[in-house]
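This report walks through one structure with several chains. Please look at the sequence and the 3D view before reading on.

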Amino acid sequence: MLRLDHVSKSFGLGAFGSRSFLAVDDVSLRVAPGEVVSLIGESGSGKSTIGKMILRLLPVSSGSITFQGEDVSTHTGKALKAYYRRVQGVFQDPFSSYNPIFTVDHALDLVRREYLGDLSGQEWRRRLTSVLETVSINAGEVLGKYPHQLSGGQLQRLLIARALMLDLRFLVADEIISMLDASTRIDVLNLLGDLKTRGLGILFITHDLSLGNYISDRTVILRHGAVVEMGATGLVFGNPCHPYTRALLSAVPQLHARWGAAPEQQAPPVPGGSAPGRQAPGTPGATTTAVPPAGLVATVERSRTAPGRRAALVEIEDDHFVAPTGNG
Amino acid sequence: MRRYFTRKFLIYLLTFFFAVSIDWAIPRFMPGDPVQSMLSRAALHPESATAMYDYYSNSFGLDVPIWRQYLNFWGSLLQGDLGTSVWLYPQPVSSVIANAIPYTLALMLPAILLSWWAGNSFGAFAARRKWLDNTALPFAYILNSMPYMWLGILLAWLLGSVLDIFPLSGGYGYGLQPEWSLEFIGSLLKHWFLPFASLFLVGFGGWAIGMRNLIIYELESDYSHYLTALGAPQRLIRRYAFRNAMLPQVTGLALQIGVIVAGALVTEIVFSYPGLGNLILQAINNEDYFLLQGAFLFIIIGVLIANFVIDMVYVLVDPRTRTGMRGATS
Amino acid sequence: MSVQVKDLKVYYRTLRGDVRALDGASFTIADGEIMGLAGESGCGKSTLGRSLIAIDGRMRYVGGSVSLDGAALPLDDQAAMARHRFTAVSLVPQYAMSAMNPTRKIGKLVTDLLRSRGIAPDTVLGEFRRRLELVGLSTDVLARYPIELSGGMKQRVVMVISTLLDPSLLVADEITSALDVSTQKAVAEAVVEFRDRGFVASTIVITHDLSILVQMADSIMIMYAGKPVERASTDAVVSSSRHPYTRLLLSSLPEVGVRYEEHRLSGIAGRPPSLLNPPPGCRFRDRCPLAFAKCAEEPPFVEVAPGHSAACWKA
């Protein structure tokens with residue numbers, strides 16, 4: 001349904017773009033209908049950039065994004081509008097997604113004016129009621145209210161509802177629950193699960209591994225703009241092969257286990273890999289032995305100015321791909 | 001750092017080139033013919049007028065094609081020759097301007113720098129002091145929203161006409177000759193005061209308001225809260241806030257300089273002060289291309305130099321810009 | 001007993017009246033104890049943390065007392081309170097990335113700060129350098145501006161500054177929430193390390209993330225709608241919680257290994273009551289599956305097992 005083939009994105013830095021920064025580095029992935037793919041990475045991994053490129057908020061530097069067989073980057077005018085009927089995004093901060101001086105109805109009306117102008121008032125209301133029901137929102141509680149009168153969870157649901165008013169096939173959900181409270185976020189997550197069973201393709205962008213693990217069918221782990229490991233969620237989480245994935249998983253705080261309490265599992269050798277290292281090769285001072293006493297791992301800034309195609313991912317088992325470690 | 005300075009310098013050079021070109025073009029595309037109007041004042045016979053016209057056109061260099069005039073202009077400009085004034089023929093423009101510049105500088109430099117310094121100090125002091133904030137700030141708003149010349153006219157009326165403390169126009173008394181005597185300098189100061197005061201007061205109001213708002217912003221910033229949480233006294237917090245709030249004010253000065261200069265020129269006209277502003281008015285009235293060009297040229301140079309200096313100062317006072325230049329971002 | 005808080009009440013002034021953000025909290029923290037303070041947004045955890053440091057103009061001290069090593073903190077007198085900050089109570093703020101003056105070198109900033117508090121910088125700068133090295137930073141950072149450091153480095157510098165004078169109580173406010181998992185782990189471990197080395201006596205770690213508390217806290221206090229609802233050792237809170245809110249909250253957290261297909265979690269329906277005019281009785285009762293008639297009466301926050309307190313009639 002949605003395919004990314006060798007997509008890269010570089011940003012120019014400095015005066016007249018004298019330096020460039022590779023935010024997304026040769027990423028290929030696909031999302032099928034009725035599938036949630038989670039894109040997991042730390043800050044600066046390029047995960048949000050990928051979401052923005054899919055939503056045409058940023059142009060692609062190289063590679064292609066195709067949706068239902070059409071190249072997305074060439075869409076203009078009518079074709080772009082038709083694309084947005086089927087592909088929509090919801091972002092992290094629900095409060096900044098609304099104009100605070102209008103009631104939330106305004107956000108819905110925008111969609112109606114842009115896309116559903118030919119709908120009769122009655123037909124619109126009928127559709128709205130059914131969509132609000134899908135996202136478990138009580139219309140009376142929400143419509144006519146201002147954004148600050150509603151909870152973050154309600155606002156995010158309403159944004160999803162707004163996307164559903166269209167002929168939605170694919171949703172980019174960029175950190176949509178990271179600002180919500182624990183007691184409401186899971187319900188929004190479950191909503192994504194419900195939508196999936198109705199055939200929607202969802203790209204779930206998150207930094208939270210447990211959320212990605214909970215909801216997604218397939219998982220893509222990004223680091224410094226490149227895919228380090230991807231595949232069926234059970235395989236990636238159950239048998240993490242890339243040292244970076246393992247480092248991430250071991251750092252995730254768990255409710256019922258303390259860090260370091262779980263026995264370190266011996267990883268199978270990574271194909272084409274050199275000695276597994278926690279940090280990228282070529283990083284100044286990156287040695288596996290010099291860990292500060294408090295266990296503080298320095299944030300590694302890796303120079304990403306050198307472009308170049310990466311070595312291909314290796315399929316180590318059915319639907320489980322890992323980047324050779326030599327590549328970072 | 002060096003690269004940054006070179007780049008800035010090149011940008012300023014480019015700006016200079018375009019500004020001067022525009023400066024050259026504007027009077028030439030003004031309606032009217034300067035030689036014609038000069039001759040018409042002389043009320044000559046028609047025959048001799050034609051001969052005179054040719055003579056003057058040639059001596060001003062106006063009898064060649066326009067592109068040639070442009071090249072000639074740059075050629076002589078680089079030799080420091082700004083041409084001959086039409087209005088004060090045959091005085092060279094450079095000497096006419098040289099006579100006016102000291103007046104303009106003596107008016108503008110103290111007005112700009114003092115109002116900036118005093119406005120910032122006062123604004124910083126008034127911020128978060130309820131009583132002062134509520135009483136003095138409205139006045140600052142009123143001052144800031146006044147056009148320079150209008151305040152000038154008000155001051156002239158009040159202190160000049162009504163109270164008769166300061167003279168209303170000119171750079172010095174009518175009966176005096178420029179010389180280094182106490183009497184002359186006293187007269188100079190008396191004439192200088194009103195135009196200076198009107199420039200100073202408007203600027204003062206603006207800087208005070210800006211500073212007050214910036215200080216409040218800084219006092220609400222995270223680092224101020226952190227210092228409070230660590231029990232630092234208000235004195236330290238305000239000192240930091242002031243330092244940081246000065247930075248945008250430096251940029252503000254760079255942005256404002258063009259506007260201030262324009263205002264100062266108009267103020268000179270209000271007080272018939274013998275500076276560049278007055279010269280420009282005369283040059284326009286007399287269709288004196290060369291004088292107009294010359295006067296604008298000096299303004300362009302002045303504004304560019306001022307901006308360049310502020311750019312450099314900013315780099316020295318704000319560590320963040322230095323870091324950016326080294327390319328070591330967080 | 002190092003930190004003793006008794007019935008602390010701090011409200012926010014608004015145009016429509018007082019918001020009872022912190023409506024009576026009593027607890028004690030032992031020396032060397034790290035207490036996690038958790039709850040959802042608006043539960044009063046941040047207000048509690050803030051009150052212990054500085055009650056600003058928007059807040060109103062209503063009542064209650066806080067004593068530190070037996071001496072009362074002058075919570076309602078900010079000038080008197082300033083003398084206790086940094087030395088006795090200190091804060092690692094949520095905004096560590098922007099907590100340092102961007103135009104001052106870090107070494108200069110610390111010197112300025114120490115001088116302004118009447119402490120000769122020479123007496124502590126050596127220790128400052130030692131501790132920077134302890135958290136894996138070179139002492140070069142003293143000659144650097146904050147912008148020259150990465151986010152993780154700034155976080156560590158701020159932690160070292162805040163704890164430089166060995167405070168009796170450290171409040172760490174949402175220090176891990178904006179961080180990536182690996183940095184999050186490092187920061188959490190540093191908090192424990194600082195406690196182990198005796199840089200701080202008692203610590204309050206405020207967060208909405210219960211799983212990070214499991215990693216670092218000795219005990220956890222859960223708050224809801226301005227009041228503590230449960231307080232116990234970390235293990236007891238996670239495995240044998242007594243308050244229905246705690247239990248529902250825990251059951252709504254996905255963990256690595258829990259999948260939507262296999263085990264569908266659910267959230268808590270409803271929203272917390274408005275704290276402008278909170279209803280009498282248990283504040284959770286509208287959302288509580290166990291609520292019964294008695295819940296219209298406010299349940300006291302009492303010990304239900306040794307070292308385990310809860311505010312619920314059914315606990």
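The sections below describe a predicted model, going from single chains to the contacts between chains.

## Chain A

Chain A has 328 residues, and 43% of them are buried. Its secondary structure consists of ten helices and twelve strands.

Contacts within chain A can also be sorted by how far apart the partners lie in sequence. Taking contacts between residues at least 6 apart in sequence, 68% join residues that are at least 24 apart.

## Domains of chain B

Chain B is assigned two stretches of sequence, 2-26 and 98-326, as domain 1, while residues 32-81 form domain 2. Taken over C-alpha atoms, the centres of domain 1 and domain 2 of chain B are separated by 38 Å.

## The sheet in chain C

Chain C contains an open sheet of eight strands with mixed pairing, in the order E6-E7-E8-E3-E9-E10-E12-E11. Its edge strands are E6 (89-92) and E11 (302-305) of chain C, each of which pairs on one side only. From one strand to the next, the twist averages 25°.

In general, strands of a sheet pair through backbone hydrogen bonds, in either a parallel or an antiparallel way. Strand E3 (residues 34-38) and strand E8 (residues 202-207) of chain C run parallel and are joined by five bridges. Within this pair, Gly36(C) stands opposite Val205(C) of E8(C).

## Helices H5 and H6 of chain C

H5(C) lies across strands E6 and E7 (169-173) of chain C, and runs at about 175° to E6(C). H5(C) also packs against helix H6 (residues 181-196) of chain C, at an angle of about 10° and with the two axes 11 Å apart. Angles under 35 degrees count as roughly parallel, so H5(C) and H6(C) are roughly parallel to each other.

Which residues meet where these two helices pack? From H5(C) come Gly152(C), Gln155(C), Arg156(C) and Met159(C), and from H6(C) come Thr183(C), Ala186(C), Val187(C) and Ala190(C). By class, the contact has four nonpolar, three polar and one charged residues.

## Helix H3 of chain C

Helix H3 of chain C spans residues 106-116, and its buried residues are Ile106(C), Leu109(C), Val110(C), Thr111(C), Leu113(C) and Leu114(C). What covers these buried residues? Helices H4 (121-134) and H5 (151-162) of chain C are included in the cover, together with H9 of chain B. The cover of H3(C) therefore includes parts of two chains, B and C. Just after H3(C), Gly118(C) takes a positive phi of about 75°.

## Contact between chains B and C

How many residues does each chain bring to this contact? Chain B brings 20 residues and chain C brings 27. On the side of chain B, the elements that give two or more residues are helices H9 (222-229), H10 (234-270) and H13 (319-326).

H9(B) gives the largest share of that side, six residues. The side of chain B that touches chain C divides into eleven nonpolar, five polar and four charged residues.

## Contact between chains A and C

Between chains A and C, the contact takes 39 residues from chain A and 43 residues from chain C. Helices H7 (182-197), H8 (209-215) and H10 (243-251) of chain A are the elements that give two or more residues to the side of chain A.

Of these, H7(A) gives the most, with seven residues. By class, the side of chain A that touches chain C has 21 nonpolar, 13 polar and five charged residues.

Definitions and conventions. Residues are numbered from 1 along each chain as its sequence is written. Chains are lettered from A and ligands numbered from 1 in the order in which they are written. This is a predicted model: local features need pLDDT of at least 70, side-chain atom pairs count only at pLDDT 80 or more; totals for chains, interfaces and linings use all residues. Two residues are in contact if their C-beta atoms, placed from the backbone, lie within 7 Å. Helices (H or I, at least four residues) and strands (E, at least two) are DSSP runs, numbered from the N terminus. Ala, Val, Leu, Ile, Met, Phe, Trp, Tyr, Cys and Pro count as nonpolar, Asp, Glu, Lys and Arg as charged, and the others, Gly among them, as polar. A residue is buried if 20 or more other C-beta atoms lie within 10 Å of its own, exposed if 12 or fewer, and partly exposed in between; C-beta atoms are placed from the backbone. Domain bounds come from an automatic or database domain assignment. Two strands pair if DSSP finds at least two bridges between them. Axes are lines fitted to C-alpha atoms, for helices over the stretch in contact, and angles run from 0 to 180 degrees between N-to-C directions. Angles under 35 degrees count as roughly parallel, over 145 as roughly antiparallel, 65 to 115 as roughly perpendicular and the rest as oblique.
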